[in-house]
Amino acid sequence: MTSMHGQYFEDYTWKNRLILILSNDPNSDVLNDQLKILKADKLGLTERKLKIFRIHPYDIDSLEKQEDVIVSERIYNHFIDKKETFQIILIGLDGGVKLRQNKILSRKELYTLIDSMPMRQAEMTKN
């Protein structure tokens with residue numbers, strides 16, 4: 001597991017899990033398809049403390065609001081694998097990268113991964 005380098009998303013560490021959807025094209029079909037999959041279950045995202053960020057070289061936003069406090073090009077360049085045009089990254093509550101892939105991530109795959117994590121297991125036990 002690697003650190004997400006707190007300078008980018010330090011406000012979310014220990015509060016939220018993050019999904020970073022990176023694409024070199026803000027209008028790409030794969031980016032839009034991934035967003036549709038995730039947006040279709042807001043309750044599931046909320047239960048798992050997930051915040052979603054769409055990032056491309058010239059802009060960054062979340063599903064909730066514009067993120068104007070962050071320089072998108074630096075973040076894009078920091079996280080993107082230069083060989084890829086699309087990537088999705090899951091960052092855990094601790095700030096570590098838990099998943100990185102260059103194909104669409106299903107909700108089932110995402111939720112199974114998160115629900116198997118020790119911190120998520122503890123959250124489910126408390127509720």
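Two strands pair if DSSP finds at least two bridges between them. Helices (H or I, at least four residues) and strands (E, at least two) are DSSP runs, numbered from the N terminus. The model is predicted: local features need pLDDT of at least 70, side-chain atom pairs count only at pLDDT 80 or more, and totals for chains, interfaces and linings use all residues. Residues are numbered from 1 along each chain as its sequence is written, and side-chain values use heavy atoms, leaving out hydrogens and water.

**View 1. Strands β4 and β5 run antiparallel.** Four bridges join β4 (residues 86-91) to β5. I91 has V97 in β5 as its bridge partner. Strands of a sheet pair through backbone hydrogen bonds, either parallel or antiparallel.

**View 2. Five strands form an open sheet.** Their order is β3-β2-β1-β4-β5, and the pairing is mixed. β3 (59-62) and β5 (97-101) are the edge strands, each pairing on one side only.

**View 3. Helix α1 (residues 29-39) has four buried residues: L31, Q34, L35 and L38.** They cover an arc of only 100 degrees around the axis, so they lie on the same side of α1. The arc is that of the directions from the helix axis to the C-beta atoms. D29 and K36, on the other side of α1, are exposed. Buried means under 20% relative accessible area, exposed over 50%, partly exposed in between (1.4 Å probe, protein chains only).

**View 4. P57 sits in the loop between β2 and β3.** P57 is buried, because its relative accessible area is 14%.
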